[in-house]
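Colleague: I'm new to this one, so could you walk me through a few details once we have it on screen?
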Amino acid sequence: MAKSGRSQGGIIGKVNKTSFGKNKVTNTTATGTFTTQPGTTILNALVVAAGGGGGGGAVTPVASGGGGGGGGGVRQSCCVSVSGGTGYAVTIGGAGSSSSSTTPSETDRGGDSTAFCVTSTGGGGGGRGGTSPGSACSPLSASPGGSGGGGAGGDTSRNKGCGNTPSTVPPQGENGGCGRCSGGDRGGGGGGGKGGAGTSGGASTAGAAGAGADYSPSFGTSFGECGLVAGGGGSIHQGGNTTTGGPGGGGDAPGGAGVVNTGGGGGGSLSAPGAGAGGSGVVVTKELNY
């Protein structure tokens with residue numbers, strides 16, 4: 001008897017693929033145009049904003065440590081429909097400058113990154129140590145952003161930067177840690193990262209930076225720090241105790257810069273001009289082979 005044209009419910013014959021992107025991964029590190037391969041119709045994208053600058057501290061009239069900059073916001077898009085051989089605009093966020101002004105501002109926040117109708121928000125700037133004459137505790141708050149900047153030592157209110165600002169689902173990042181102003185102990189808070197919040201400054205220690213997030217299972221290891229991005233910046237205590245930047249490009253305190261094209265936050269310092277800048281952003285694409 002002749003066999004039927006069915007085999008366990010499958011279809012006999014060649015399967016027509018809808019995308020021939022061959023799973024090519026491309027890292028776009030500067031603002032410009034990303035062009036798809038001729039056969040690509042579907043891709044995944046990772047949009048990483050720039051990290052915020054670390055906060056400068058104060059030596060006089062009262063010593064106080066600066067907070068770490070927040071890691072850039074990160075958003076991932078899956079199965080984006082595109083046309084083969086077509087250019088798409090990509091914006092890469094520029095690094096947040098170190099905070100040497102009286103209060104962290106928009107210039108301390110990392111720049112936003114945009115691609116395929118998705119925008120990730122730059123990380124918040126770290127808080128600067130109190131400088132008001134005769135006051136150990138001045139409200140020089142950290143900035144919000146994709147991940148928030150860490151608060152400054154000597155900051156009594158609103159001092160940590162809130163992450164995931166503006167809010168998205170899933171979240172772009174986490175909060176920075178609070179600075180400390182109690183009993184003469186003034187440690188800065190660590191910058192928040194995509195993978196975890198920064199911790200608060202303690203009685204004798206600076207706050208730890210939040211870790212970045214690992215996207216190597218989806219995009220490989222050719223970008224960031226082996227696939228890790230958006231770590232928070234380390235902070236510093238008035239006594240000189242420091243913390244390292246979070247895995248994923250965060251800058252060490254004192255004054256370490258976030259790693260270029262990772263979205264890492266900058267490290268805080270004890271001197272106003274000595275804090276680290278954030279790391280610039282990156283957009284990673286994977287052209288799918290379906």
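Colleague: Is Cys162 buried or exposed, or something in between?
Modeller: This is a predicted model, and in it Cys162 comes out as partly exposed, with a relative accessible area of 39%.
Colleague: Which cysteine sulfur is closest to the sulfur of Cys162, and how far off?
Modeller: The closest one belongs to Cys178, at 9.2 Å, which is too far for a bond, because a disulfide needs the two sulfur atoms within 2.5 Å. A search of the whole structure likewise gives zero disulfides.
Colleague: And what about Cys117, buried or exposed?
Modeller: Cys117 counts as exposed, since its relative accessibility is 85%.
Colleague: Changing topic, where does Gln172 lie?
Modeller: Gln172 is in the loop that runs between strand E7 (118-120) and strand E8 (213-214), and with 1% relative accessibility it counts as buried.
Colleague: What does the side chain of Gln172 reach?
Modeller: It reaches the backbone nitrogen of Thr121, at 2.7 Å. Beyond its neighbours within four places in sequence, Gln172 is in contact with several residues, among them Thr119, Ser120, Asn164 and Lys194.
Colleague: Which sheet does E7 belong to, and in what order do the strands come?
Modeller: Four strands make an open, antiparallel sheet in the order E2-E5-E6-E7. Neighbouring strands here are turned against each other by 25° on average, direction ignored.
Colleague: How many bridges pair E6 with E7?
Modeller: Strand E6 (residues 113-115) pairs with E7 over three bridges, in the antiparallel sense, and Thr114 has Thr119 in E7 as its bridge partner.

Notes: Residues numbered from 1 in each chain as written. Predicted model: local features only at pLDDT ≥ 70, side-chain atom pairs only at ≥ 80, totals over all residues. Heavy atoms only, no water. Buried < 20%, exposed > 50% of the residue type's maximum accessible area, 1.4 Å probe, protein only. Helix = DSSP H or I, 4+ residues; strand = E, 2+ residues; numbered from the N terminus. Polar contact = N/O pair within 3.5 Å; in protein donor to acceptor, adjacent residues only side chain to side chain. Contact = heavy atoms within 4.5 Å. Pairing = 2+ DSSP bridges. Axes fitted to C-alpha atoms, helices over the stretch in contact; angles between N-to-C directions.
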